[in-house]
Amino acid sequence: MAIVLETTIGDMTIDLFTDIRAATCKNFLKLCKMKYYNFNLFYSIQNNFIAQTGDPSGTGKGGDSVYSFVKGPEMRYIQGEKQPRLKHSKPGLVSMVNCGEHLIGSQFFITLGTDLDSLDEHIIFGEVTEGHEVLLKLNDSICDFENRPYQDIRITHTVVLDDPFDEIDGLYLPPSSPEPSDDILNSSRIAADEVIDDTSGLTQAELNEIKAQQEAKAQATILEIVGDIPDAEIAPPENVLFVCKLNPVTTDEDLEIIFGRFGKIIGCEVIRDKISGDSLQYAFIEFAEKKSCEEAYFKMDNVLIDDRRIHVDFSQSVSKMRWRGKGRGIDYYNEDGKSNKKSSRYPERNNRNDENAETNRRNHYKASRRSTSSEKSSQNFSKHRSPGRLQHRSEQQNHSSRERFSSNKSRRKSKSRSRSKTRRSRSHSPHRRNDSELRHRSKNHQRRSSKDRLRQRSRSRNRDHKKQKHFDKSYRRRSRS
């Protein structure tokens, strides 16, 4: 069972779930036969969500069921089906609005997105099978803050292809579509049948400019697809000059000296053949400031350099640029594909970063010079070390210094050896101690070690004595037997 929903932007075919939603489908079909939905407005369209209609007032607060025209206003809402509960999982599903406790009237909506779990309380009774391009137009419509389209989108006609339900007694079915009301004709919005012409009121020169911009945008999109430029919306840098018609003998240093009078130059490169190394007679000059680049453009065009009249223009090349997004600047890439992390839009940031990097290198060199007390430490400091590694090394040193005082091996060593060890531990220990404290600790260690030796000897003697006693007893027994 299906109906055709004709709108001002196209037609849609809706298949109804009459087997599982009998009451809802019957209400909807009879309203379509009554021409109740004719000229109804899509009063709420939310992108990737829903397009809602079915209210003749266009406010979202009206709408009656088909039984209200037969039994009176007390039948404004009827009971809809609770089971089975279907999911709003894809675009094109048609649902009756649940007004509370599964009561339905005439309002319905069409889903425009996927996985809309918040709508599962409403009653799905159909699906759009033809006319999905109309769904795309609904989803792309321009709306105000109340989600109402600026240009009216209306249902013009409903065609019932098949009705399996019996007719309702006392229901009037009009023979033809009704005429639109004055409220519909006098709408404050753009009329549904009004053609919007963006070129009305423009001169021929303005039309030609718009056409040229559209063609340039189309060509940029093609170049992006092919891979010649990184992004269609990227613009060439404003501080780079393109110099051509050069003499083959002109070098980078010559151009840097000549153009250096206009301002600081970040980079100057004469493009050369990769195999032979010969000049291709054109170059790119990057200035630190946009103003310097403009002065060089106005004053250096058609100037004689090395018996050649050069031509100067602003660079249109973006081959070494990657656009990071609106307001984020541009990354430059060298021939190896590595980022130089310089932005032509923010040259002052580049200079600041260069100065900070140079300062960090100097501080690192000074720190490494102060810390080279031995070959091992100099080798460690010559490499880059992360803070994690430095922290891990200090923990090892503290742990080893504590072990020197508590290990059993240090107690058994000689007095001179223990003194040298205490001196070494002082240099590695985080807590500095005076000499008297260290001597006291070493004497305590010696006393403890001597007591331990005496205890161990006494224990061994007692053990030997017990063994000898046990042997004597066993020997006497054997002799008696």
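This is a predicted model: local features need pLDDT of at least 70, side-chain atom pairs count only at pLDDT 80 or more; totals for chains, interfaces and linings use all residues.
β1 and β2 run antiparallel, and 6 bridges join them. Glu6 stands opposite Asp11, a residue of β2.

**The whole protein**

Now step back. The protein has 481 residues, and buried residues make up 32% of them. Its secondary structure comes to 13 helices and 18 strands. Take the contacts with a separation of 6 or more: 64% of these come from residues 24 or more positions apart. The protein exposes about 31900 Å². Carbon and sulfur atoms supply 47% of that area.

The largest nonpolar core holds 36 residues. Leu16, Phe28, Tyr37, Phe108, Phe125 and Leu138 have the most contacts inside this core. Several elements give two or more residues to the core, among them β1 (2-7), β2 (10-16), β9 (123-130) and α3 (132-139). Which element gives the largest share of this core? It is α1, with 5 residues. A second, separate core has 18 residues, including Leu246, Ile265, Cys293 and Ala296.

Setting aside neighbours within four places in sequence, Leu138 is in contact with Ile9, Phe42, Ile45, Ala51, Leu112 and Ile153.

Helix α1 covers residues 22-33, and Lys30 lies in it.

| Residue | Relative accessible area | State |
|---|---|---|
| Lys30 | 0% | buried |
| Ala23 | 31% | partly exposed |

Why does Lys30 count as buried? Its relative accessible area is 0%, and buried means under 20%. Ala23 is partly exposed because its value of 31% falls between the cut-offs of 20% and 50%.

What does the Lys30 side chain meet? A polar contact of 2.7 Å joins it to the side chain of Asp163. Beyond residues up to four places away in sequence, Lys30 touches Val66, Asp163, Phe165, Asp166, Glu167, Ile168 and Leu171.

Ala23 has its own partners. Leaving aside neighbours within four places in sequence, they are Ile78, Gln79 and Glu81. Ala23 and Glu81 are 58 residues apart in sequence. In space, they are 7.3 Å apart, C-alpha to C-alpha.

**Helix α7**

Helix α7 spans residues 290-300. Which of its residues are buried? They are Ser292, Cys293, Ala296 and Met300. These four cover an arc of only 100° around the axis, which puts them on the same side of α7. Lys291 and Phe298, on the other side of α7, are exposed.

The buried residues of α7 pack against both strands and a helix. The helix is α6 (252-259). The strands are β11 (240-244), β13 (279-287), β14 (304-305) and β16 (311-314). Cys293 and Ala296, buried in α7, also belong to the second core. Just after α7 comes Asn302, with a positive phi of about 65°.

Conventions
Residues are numbered from 1 along each chain as its sequence is written. Side-chain values use heavy atoms; hydrogens and water are left out. Buried means under 20% relative accessible area, exposed over 50%, partly exposed in between (1.4 Å probe, protein chains only). A polar contact is a pair of N or O atoms within 3.5 Å; within protein, one must be able to donate a hydrogen and the other to accept it, and residues adjacent in sequence count only if both atoms are side-chain atoms. Contact means heavy atoms within 4.5 Å. A nonpolar core is a set of buried Ala, Val, Leu, Ile, Met, Phe, Trp, Tyr and Cys residues joined through side-chain atoms within 4.5 Å. The arc is that of the directions from the helix axis to the C-beta atoms. Accessible areas come from the Shrake-Rupley method with a 1.4 Å probe; for residues, only the protein chains shown count as cover. Two strands pair if DSSP finds at least two bridges between them.
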